[in-house]
Amino acid sequence: MKSIPKEFVTTPIVYAVKNTYQIMVPVNCETVMWVKVGDQYFYDDSNGILRSASSIHRMTVPMGLLDQEKKYTVYYRIIHERKSYFTESSDVMCYESKFRPIEQEPVHIYHIADAHNCVDAPVAAGRYFGEALDLLILNGDIPNHSGDIACFTAIYDIAAQLTNGEIPVVFSRGNHDTRGIYAEKFEDYTPTDHGKSYYTFRVGHVWGIVLDCGEDKPDEHVAYGHTICCEDFRRRQIDYLKEVIATCKKEYEALGVKNRLVICHIPFSEQLGIEKDTYSKWAYLLSKKIRPQLMLCGHMHKAYVSDIGGEKDYIGQPCPVVVGSQTSKEENSFVGCAVTLYAECCNVKMTDNQRVCILEKNLVFQNDDDDSKKENENEYI
Ligand SMILES: [Fe+2]
């Protein structure tokens, strides 16, 4: 792995959120930080105050600018003692990184979910494409839980070893991430849309939407001890889907979009025992309006592809669902999913930490403009 300053826990990680990149840097001492892209500076600040009371920094930069410049520089100072007057800090130090945006077809994507704090086996699997990797997707339950801030390091260890901060990462939260005393701080350590864990993203000609099921059991489940209100959280995402549909010309119908993906930790279109009504509305809005080509999921600790109308299609899948993470702690093995994405089709390979493919499937997208699919479109709009 690339050598990094001793104050950094890992390389920076470049997350795609909406039309921005959030460059996040975990640190092991008190620092202030900003980045330079081209001739513009972007700060980790709170209303003009450089933040230092945090073990992670986030600098949000315009996607188009970093795509154009293909490099960024992280600047930082160590804060020896923050005072009301005459704060003591180090000289400015810096770290430069190149960046490779998605500009070509096909796009090589590796999908990892359910690492549950394991790093080595998921990283070994994630090396399937080697230097040709264009986009890493971390799709939930990368930490085992949020009971200790140290668990969040697994996210950064995996992302840094596979991307070096030089290619984009898409991140989605899993149900185990909602557990523990730091679960309410999870948003501080991960990319979000102003605190929201569901958002759209655009990387090159690939558009996607990250949806978040939250927990996998009813809010009243005894294990949660009255700390969960995911039912309402899931319902809010019906409104979010409607917002995305209302602004489709800036989203999935924007100029240059060739691919439309859904990223969601839980394959909500399966028979899961909760939220049939809400998940049916998600599926309906996706399938009738957004028309995604592929949905990538984890959670089941298995590797398979569910076709529309197949035995796992419980509520009307909007597209083929790829469930791509299979783990075995006993055997220290991990299976992730390598997707080679073209505008009209994709190749899906479930590959293990020995880079052995255990399942392969070619999918042809239905990029039709069949208006009959818009029938009853106002049912939920
Ligand atoms: Fe899960």
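Me: Where does Lys312 lie relative to the ring of Tyr304?

Reply: A charge counts as sitting over a ring if NZ of Lys or CZ of Arg is within 6 Å of the ring centre and within 35 degrees of the ring normal. Here, Lys312 lies over the face of Tyr304, at 4.7 Å from the ring centre. Bear in mind that this is a predicted model, where local features need pLDDT of at least 70, side-chain atom pairs count only at pLDDT 80 or more, and totals for chains, interfaces and linings use all residues. Residues are numbered from 1 along each chain as its sequence is written, and side-chain values use heavy atoms, with hydrogens and water left out.

Me: OK, and how many aromatic pairs does a search of the whole structure find?

Reply: Rings of Phe, Tyr and Trp (its six-membered ring) pair if their centres lie within 6.5 Å; planes under 30 degrees apart are stacked, over 60 edge-to-face, the rest tilted. The search turns up 19. Take Phe171 and Phe186: their centres are 6.0 Å apart and their planes at 35 degrees, so this pair is tilted.

Me: Are Phe171 and Phe186 buried or exposed?

Reply: Buried means under 20% relative accessible area, exposed over 50%, and partly exposed in between (1.4 Å probe, protein chains only). Phe171 is buried at 2%, and Phe186 is buried at 3%.

Me: Which pair do Phe268 and Trp282 form, stacked or edge-to-face?

Reply: Edge-to-face, with 5.0 Å centre to centre and 75 degrees between the planes. Phe268 and Trp282 are both buried.

Me: Which residues do ring pairs link into a cluster?

Reply: Tyr15, Phe152, Tyr156, Phe171, Phe186 and Tyr189.
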